[in-house]
Amino acid sequence: MTPDTAALPLVPLVPVPIPSPPDVPEPARPVVTAPPRPLTNGALAILDDLLRAPDRLTARLASDRRVETVRVLLLTMLAGAAVFGATLGIHRSWLQAAFAGTKLPLICLALAVTVLPAVVGFRRAARAAGSALGDAGHVLSVFALGSLILAATAPLTVLGVLADFGYHRMVLLATACVSIAGLVALHRLGTLLESGGAGRAVIAGACVVLALVGVQVTWTLRPFIARPTVPVEFFRADRQDLYESLGTTLDSARGVFHERSMVRSGEE
Amino acid sequence: METMVEGRSEPAFDGTDVKEAALVLGGAAAAGAAIGFRGGVGDLLFTGAGLPLAVLGVAVLTVPSLCVALVASGIPGSARDVVRACVKAAGAGGRVLLGLAPALLVLGAVGTPESSRAYGCLALAAALGVSLVGARPVSEATPSARNIFIAWCAVTAGIAVLLATRVLFAA
């Protein structure tokens, strides 16, 4: 080795890969969540929560604003059903509109009062957490939501009236509107009960009770649209229940006709 | 009534068991009254008293057999545990009947006496199902206990249906 080369640093002929610095994770950025919106007063705020924030509505019902919330929900339930009933009845006459606008809120009230003990009973039987007051709030909010959706579909029935829909088309339209509102309400009922710890059996039981009582009570308080060939009356005098009537209709469809008997109250 | 267990005396049944028993009998009475009111005071009293008696009859007829069979099959618990579990499960059925009584009342008011009884049968079937499912944990110790429980459920359901229909459709 010559003195000149001795001082030369040794340079490898093959490039040695320079190790990259170890991956250093970026420091975690603090998660900034928007603070929960405070519960604001006012009927519109309550309706806003009713439509799209059921947990905020539950918080309202548990807070010191529960009286105002219950009042708004009750008024919504009654007013929404009245509006929809009136738009059904207007197809026949103003009197039928007044009758139907009175009967539908009564049906909603009767159903709410009937379904609530069943929900409480099923939930307690399943030993699920919750309270009867909480269940009452849930049931009221579900009926208020259903009525609000019904009222929102009222323009469709008004359109049917203006377009001179016949009786059967109006019945089909009304059925579709009620089905939409009913499905939304049932879904909300299931969501609220599930978030409260109730299982599927409780939810199914509540839905069955609601369906059976709703169908029977609505049938008994008919008519809402009223056939053009019958006089306008608050409700039909015959006491035939839904299943008897279905049987009669099926028989009629098969060509077997029965003499219709009008059973007045008090003659049974 | 007390039993001696390892030198300690324990009450056979406590306040919770009494409450559960009261719930099942009260629920049956409320449901029976709601079913029978359409037929008048006589029907109301008949079904209002008859259904709790039917529930008591089912319990007296079937629960002792379950105790004997399960204990003989070698479950860890005692006959008292089986009875307490059955009482608790029956209490759940009573809660269901209490909750359904207003619905039965409304359906009776807007329907016919026959449809009222039909809805009553549905409500009783629901309560019976809840009670039988609620009693299931007592039998989960061994496979033979599970088989005994399934057989017991079938017999109990048959007795319950026969007794309930005699009460509901005899009025």
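Predicted model: local features only at pLDDT ≥ 70, side-chain atom pairs only at ≥ 80, totals over all residues.
Figure 1. B:Cys121 is partly exposed, with a relative accessible area of 28%, whereas B:Cys153 is buried, with a relative accessible area of 14%.

**Figure 2. The helices of chain A.** Chain A has ten helices and zero strands. Of its 268 residues, 37% count as buried. When contacts in chain A between residues at least 6 apart in sequence are considered, 65% of them join residues at least 24 apart.

**Figure 3. The largest nonpolar core.** This core has 71 residues, and the members that touch the most others are A:Phe143, A:Leu193 and A:Val209. Helix α5 of chain A, residues 94-125, gives the most to this core, with eleven residues. Apart from it lies another core, of 15 residues, which includes B:Val63, B:Ala145, B:Phe149 and B:Trp152.

**Figure 4. The interface of chain B and chain A.** Here 20 residues of chain B are in contact with 19 residues of chain A. About 1600 Å² of area is buried between the two chains, and carbon and sulfur atoms give 65% of that area. B:Arg95, B:Val110 and B:Tyr119 supply 30% of the area that chain B buries against chain A, more than any other three residues. Four residue pairs are in polar contact across the interface of chain B and chain A, with both residues of each pair at pLDDT 80 or more. On the side of chain B that touches chain A, α3 (79-110) and α4 (113-134) of chain B each supply at least two residues. The largest share of that side, twelve residues, comes from α3(B).

**Figure 5. B:Glu20 and its two salt bridges.** Side chains of opposite charge can pair when their charged atoms come close. The count between chain B and chain A is one salt bridge. In this salt bridge B:Glu20 pairs with A:Arg127, and the closest N and O atoms are 3.7 Å apart. The pair crosses between chains, from the loop between α5 and α6 (132-152) of chain A, which holds A:Arg127, to helix α1 (residues 15-36) of chain B, which holds B:Glu20. A:Arg127 is partly exposed, with a relative accessible area of 42%, while B:Glu20 is buried, with a relative accessible area of 4%. B:Glu20 also meets B:Arg95 in a salt bridge (3.0 Å, N to O). That pair links distant parts of the chain, 75 residues apart, with B:Glu20 in helix α1 and B:Arg95 in helix α3 of chain B. B:Arg95 is buried, with a relative accessible area of 11%.

**Figure 6. A salt-bridge network in chain A.** Salt bridges that share partners join A:Asp49, A:Arg56 and A:Arg60 into one network. Within it, A:Asp49 forms a salt bridge with A:Arg56, whose closest N and O atoms are 3.1 Å apart. Both A:Asp49 and A:Arg56 are buried. Over all chains, the count comes to eight salt bridges.

Methods:
Residues numbered from 1 in each chain as written. Chains lettered and ligands numbered in written order. Heavy atoms only, no water. Core = buried A, V, L, I, M, F, W, Y, C linked by side-chain atoms within 4.5 Å. Buried < 20%, exposed > 50% of the residue type's maximum accessible area, 1.4 Å probe, protein only. Helix = DSSP H or I, 4+ residues; strand = E, 2+ residues; numbered from the N terminus. Contact = heavy atoms within 4.5 Å. Buried area = accessible area lost by both parts, 1.4 Å probe. Salt bridge = Lys/Arg side-chain N within 4 Å of Asp/Glu carboxyl O. Polar contact = N/O pair within 3.5 Å; in protein donor to acceptor, adjacent residues only side chain to side chain.
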